[in-house]
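Welcome! Please take a moment to look over the sequence and the 3D structure below, and then we will walk through some of their features together.

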Amino acid sequence: MKILQLDKNHPLINAQLTEKGFVIEEDHVSTYSEVLDKIGNFDGVIIRSRIPIDESFLLKGKNLRFIARVGAGLENIDTEKAKQLGISIISSPEGNRDSVAEHVVGMLLVLTNRLFIASQEVKKGIWKREENRGDELLGKTFGIIGYGNMGKATAKRLSGFGLKVIFHDVLPNLSDEFATQVSLDELKNQADILSLHIPITDDTFHLIDEKFISEMKKDFYLVNTARGKNVKTKDLVEAIKSGKIKGAALDVLEFEKSSFENLDYQNSDLEFLLNSEKVIVTPHIAGWSHQSKEKLAQVIVDKILCEFG
């Protein structure tokens, strides 16, 4: 089988698949239209986010048997059309779930204990103790929306913090030793902290908006390592200003490019987030550890070999 790899990934993908007789072509620079001109020559494609796999792409790829996404999200792939054409969709959320979970905990601890602010102040010769009192996690209720690979890994990491962990998911009967499944209304009633671990769909676009925020019984912290468009930024800003949202830890932003490589545009709401002491922002790196790069690649290779090896 001939495979086109459109993004830079861990070299083990090329090495292991080549060893098994696959022919790999690396192309990290061609434009969308240039890729369309040649995709018909390939049996499979391995991507991250650089090139959208839309209907035109799929129709041009008349010999495609699979699309492998090195990562979890599939929003850049027309999955329905792929299924109609009999093309397998492969993803690797197992590869970076641990990285995401650790990032959630890290961001939350930095936010609730004012670690970044206090460190910057001390480096400038400012010594404030009372102003930098932390807010302990012990005894709080941590609410997760979406209990797939990322949500479960996050709950597992929190097991030693003395938190009550609850979650809501569209699938039933997912409770385990680390978290208890509840209705969305019950989560809104109990949660002191809300963490998102959901894809971006019609149902989850701007899920966290003014209405949702107002329905939260308590003032709460928001953590988002899922997709930026799960949160309506304008409403998030207003909730931070009012104190309803006590602080936000954001690894993803509504204003990112579809490739996740940079911001698409900036506005006053983004400027507020970037300048607020109540907000921690990172550049879509929650699943981006040194270890996850290798694990993501290995999961992809294993799944390709399992189905087509």
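Which elements do the buried residues of α10 pack against? They pack against α9 (210–215), β10 (220–224), β11 (245–250), α11 (268–275) and β12 (279–281).

## Before we start

This is a predicted model, in which local features need pLDDT of at least 70 and side-chain atom pairs count only at pLDDT 80 or more, while totals for chains, interfaces and linings use all residues. Residues are numbered from 1 along each chain as its sequence is written, and side-chain values use heavy atoms, with hydrogens and water left out.

Helices (H or I, at least four residues) and strands (E, at least two) are DSSP runs, numbered from the N terminus. Buried means under 20% relative accessible area, exposed over 50%, and partly exposed in between (1.4 Å probe, protein chains only). Contact means heavy atoms within 4.5 Å.

## Helix α10

Let us return to the helix from our question. Helix α10 covers residues 233–242, and its buried residues are Thr233, Asp235, Leu236, Val237, Ala239 and Ile240. Just after α10 comes glycine 243, with a positive phi of about 95 degrees.

## The open sheet

Five strands make up an open sheet with parallel pairing, in the order β2-β1-β3-β4-β5. At the edges are β2 (23–26) and β5 (88–91), each of which pairs on one side only; two strands pair if DSSP finds at least two bridges between them. From one strand to the next, the twist averages 20 degrees. Strands β3 (residues 44–47) and β4 (residues 66–69) run parallel and are joined by four bridges, and isoleucine 47 stands opposite arginine 69 in β4.

Helices meet this sheet too. Helix α1 (residues 12–19) lies across β1 (2–5), β2 and β3, at about 155 degrees to β2. Helix α12 (residues 290–308) touches β3, β4 and β5, and its direction makes about 150 degrees with that of β5. For such angles, axes are lines fitted to C-alpha atoms, for helices over the stretch in contact, and the values run from 0 to 180 degrees between N-to-C directions.

## Helix α6 and glutamate 121

In α6, Ile117, Ala118 and Glu121 are buried. They cover an arc of only 95 degrees around the axis, which puts them on the same side of α6; the arc is that of the directions from the helix axis to the C-beta atoms. Phe116 and Lys123, on the other side of α6, are exposed.

Glutamate 121 is buried yet has no salt bridge, that is, a side-chain nitrogen of Lys or Arg within 4 Å of a carboxyl oxygen of Asp or Glu. Lysine 128 is the nearest side chain of opposite charge, 4.2 Å away; here Lys and Arg count as positive and Asp and Glu as negative, while His and the chain ends are not counted.

## Salt bridges

The structure holds 15 salt bridges. One of them joins lysine 38 and aspartate 27 (2.6 Å, N to O), and both of these residues are buried. Arginine 157 forms a salt bridge with aspartate 98, with the closest N and O atoms 2.9 Å apart. Arginine 157 lies in helix α7 (residues 149–157) and aspartate 98 in helix α5 (residues 97–112), so the pair ties together parts that are 59 residues apart in sequence.

## A buried phenylalanine

Phenylalanine 142 sits in strand β6 (residues 141–145) and is buried, with a relative accessible area of 0%. Phenylalanine 167 is 25 residues away from phenylalanine 142 in sequence, and 8.2 Å away in space, C-alpha to C-alpha.
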